[in-house]
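Hi,

Here's the structure I promised to pass along.

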Amino acid sequence: MTEIILNKLVIIGVGLIGGSFALALRRASLVEHIVGIGRSRENLLRAKELGVIDEIANDLQEALKDADLVLLAVPVGQIGKTIAQISLYLESKTIVTDVGSTKQDVIIAARSFLAHNLRNFVPSHPIAGTELSGVNAANANLFHHKHLILTPLEETSVDAIHYITRLWKSCGARISQMQASQHDEIFATMSHLPHILAFTLMNHVCTIAKGSPSNLLRFAGTSFLDFTRIASSSPEMWRDICLTNQASLLCQIDAYQDELAALRKMLANNDGVTLEKTFSNAQAVRHQWLKDKS
Ligand code: NAP
């Protein structure tokens with residue numbers, strides 16, 4: 001029988017990621033009682049109805065009493081404020097983790113407000129998600145076979161890292177560790193830029209169609225659908241991610257514009273040979289990646 005290692009879990013932000021973490025831990029029988037804290041009452045009521053949480057918190061201090069773990073799963077622009085609020089009532093034994101898509105900003109906030117207890121703070125980022133938001137989209141399988149990146153501080157205790165690692169492993173995730181700065185650079189390229197491109201393409205279509213995008217979108221095929229799937233993601237979440245990873249993202253946008261400008265030149269010059277070479281290179285990199293992945 002699995003041992004319950006979490007008597008009380010407090011989730012702040014019971015949406016796609018927070019809700020999926022709750023469902024995965026429940027399925028693994030590792031958690032006894034889950035308290036949800038959120039913004040709209042409607043989402044929390046739905047979370048309770050779906051069995052994602054057991055209790056809706058009415059009072060932060062009461063919610064944090066005897067908590068083994070607090071999971072911060074709000075948009076990254078809210079994490080600093082949330083850390084400041086919980087710091088007033090956190091007990092010394094309580095471990096705190098987050099799932100924010102950017103890590104340096106979260107660590108700055110933790111250094112400001114949790115300085116007395118950084119040993120129990122374990123920043124994390126599941127490389128899993130969908131374009132859907134809110135607790136209705138929560139899914140116990142979301143983290144299965146997905147990467148989970150930990151960016152612990154020097155002060156984070158080994159015990160806290162092991163505890164969080166065990167929980168994420170029980171959700172099916174594969175764990176790696178890296179510096180927060182490296183994390184933010186990597187995900188500017190691998191996640192944040194692609195989202196910006198997808199949002200921009202949708203707006204581009206709208207502009208080209210002079211504000212009547214349906215005139216063009218009715219001709220969209222699978223390639224357009226695939227490319228723009230992530231433009232259905234939460235604008236609030238992506239606003240926050242862009243602003244918190246601004247420096248890395250600006251570099252990525254500049255570099256991408258250089259690639260696009262080079263391609264434009266090939267096209268303007270009718271340079272089919274270089275165009276084909278450019279596409280072949282991209283195709284080969286993708287083929288190799290898919291082969292390595294399988
Ligand atoms: P989500 O589905 O929109 O859930 C966020 C939840 O936070 C919502 O339920 C929202 O409440 C609540 N919330 C917002 N502001 C709050 C506040 N000030 N106090 C308390 N609750 C608040 O978003 P998500 O996709 O789960 O993302 C959560 C975090 O995970 C973000 O930091 C994001 O960067 C990170 N992340 C996302 C993905 C992804 O692909 N989605 C992947 C990895 C990491 P309402 O429902 O009432 O608005």
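Keep in mind that this is a predicted model. I started with the largest nonpolar core, which has 42 residues, and the ones touching the most other members are L9, F21, L25, F143, I164, L167 and W168. Two or more residues each come from β1 (6–12), α1 (16–27), β2 (31–37), α2 (41–49), β4 (69–72), β7 (147–150) and α6 (158–170).

Next, the helices. α7 (residues 180–208) packs with α10 (residues 235–244) at an angle of about 130 degrees, and their axes are 11 Å apart. That angle makes α7 oblique to α10, and the crossing is left-handed. On the α7 side the contact uses S191, H192, H195, I196 and F199, while α10 brings W238, I241 and C242. Sorted by class, that's five nonpolar residues, three polar and no charged ones.

Last, a loop residue. S92 sits in the loop between α4 (76–87) and β5 (95–98). Is S92 buried or exposed? Its relative accessible area is 61%, so S92 counts as exposed. Not counting residues up to four places away in sequence, S92 touches N117 and N120. From S92 to T222 it's 130 residues in sequence and 52 Å in space, C-alpha to C-alpha.

Cheers

How values were computed. Residues are numbered from 1 along each chain as its sequence is written. This is a predicted model: local features need pLDDT of at least 70, side-chain atom pairs count only at pLDDT 80 or more; totals for chains, interfaces and linings use all residues. Side-chain values use heavy atoms; hydrogens and water are left out. A nonpolar core is a set of buried Ala, Val, Leu, Ile, Met, Phe, Trp, Tyr and Cys residues joined through side-chain atoms within 4.5 Å. Buried means under 20% relative accessible area, exposed over 50%, partly exposed in between (1.4 Å probe, protein chains only). Helices (H or I, at least four residues) and strands (E, at least two) are DSSP runs, numbered from the N terminus. Axes are lines fitted to C-alpha atoms, for helices over the stretch in contact, and angles run from 0 to 180 degrees between N-to-C directions. Angles under 35 degrees count as roughly parallel, over 145 as roughly antiparallel, 65 to 115 as roughly perpendicular and the rest as oblique. A crossing is left-handed if the near helix is turned anticlockwise from the far one by less than a right angle, and right-handed if clockwise. Contact means heavy atoms within 4.5 Å. Ala, Val, Leu, Ile, Met, Phe, Trp, Tyr, Cys and Pro count as nonpolar, Asp, Glu, Lys and Arg as charged, and the others, Gly among them, as polar.
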